[in-house]
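Please read them with the structure open.

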Amino acid sequence: MSEKEVLLTQEGLKKLEDELEHLKSVKRREVAERIKVAIGYGDISENSEYEDAKNEQAFIEGRVITLEKMLRNARIVNLDEVDINTVSVGSIVTLKDLEFGDLVEYTIVGTAESDPFLNKISNESPVGKAILGKQKGAKVDVTVPAGVIQYEIMDIKK
């Protein structure tokens, strides 16, 4: 089974590389030191500090594996090649909620970079999927748990 391609902007690639480096060079050492100190407390069978440190170590190692896999399968989106006529990964899109008239601006990114708090939505999210490949002026219906939201694409930029 082939591994899934991970779409990243250059900024997203750097963020993942920095996180991986931090986990490998800083967090691993910190957890190893915590384990060493906890072992010094004696019996590890009922030692909560040891158990917590081992759990954190397992989480860190799992995250390292995930990040390495993502970076291995990364495809970098060249923002210079983003077409401002059609919504694609890398586009900054202004949408108008047709029911309430609210405007919202989203940057379309791959799932690894999505951050709704920064208005970075995944190309695989309900809104991302609905607007991908559409042009300025298009009206789209987005099915969400509360029902259907209708948007009009007001602007596309990069």
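1. A salt bridge here is a side-chain nitrogen of Lys or Arg within 4 Å of a carboxyl oxygen of Asp or Glu. The model is predicted, so local features need pLDDT of at least 70 and side-chain atom pairs count only at pLDDT 80 or more, while totals for chains, interfaces and linings use all residues. Residues are numbered from 1 along each chain as its sequence is written, and side-chain values use heavy atoms, with hydrogens and water left out.

2. Glutamate 105 forms a salt bridge with lysine 157, with 3.2 Å between the closest N and O atoms. This pair links distant parts of the chain, 52 residues apart: glutamate 105 is in strand E4 and lysine 157 in strand E7 (residues 147–157). Helices (H or I, at least four residues) and strands (E, at least two) are DSSP runs, numbered from the N terminus. Glutamate 105 is partly exposed at 37% relative accessible area, and lysine 157 is partly exposed at 34%. The terms are set as follows: buried is under 20% relative accessible area, exposed over 50%, partly exposed in between (1.4 Å probe, protein chains only).

3. Strand E7 also takes part in a second pair. Lysine 139 forms a salt bridge with glutamate 152, the closest N and O atoms being 3.9 Å apart. Because lysine 139 lies in strand E6 (residues 139–144) and glutamate 152 in strand E7, the pair ties together parts 13 residues apart in sequence. Lysine 139 is exposed at 57%, whereas glutamate 152 is buried at 19%.

4. The count of salt bridges comes to 12. One of them joins glutamate 56 and arginine 34, whose closest N and O atoms are 2.1 Å apart. Glutamate 56 is in helix H2 (residues 48–72) and arginine 34 in helix H1 (residues 10–40), so parts 22 residues apart in sequence are tied together. Lys27, Glu30, Arg34 and Glu56 are linked in a network of salt bridges.

5. How do the neighbours of E4 pair with this strand? E3 (residues 92–97) and E4 pair in the antiparallel sense over 5 bridges, whereas E4 and E5 pair in the parallel sense over 3 bridges. Pairing requires that DSSP finds at least two bridges between two strands. Lysine 96 has leucine 103 in E4 as its bridge partner, and threonine 107 has lysine 120 in E5.

6. Glycine 110 lies in the loop between strand E4 (103–109) and strand E5 (120–122). Glycine 110 counts as buried, at 1% relative accessibility.
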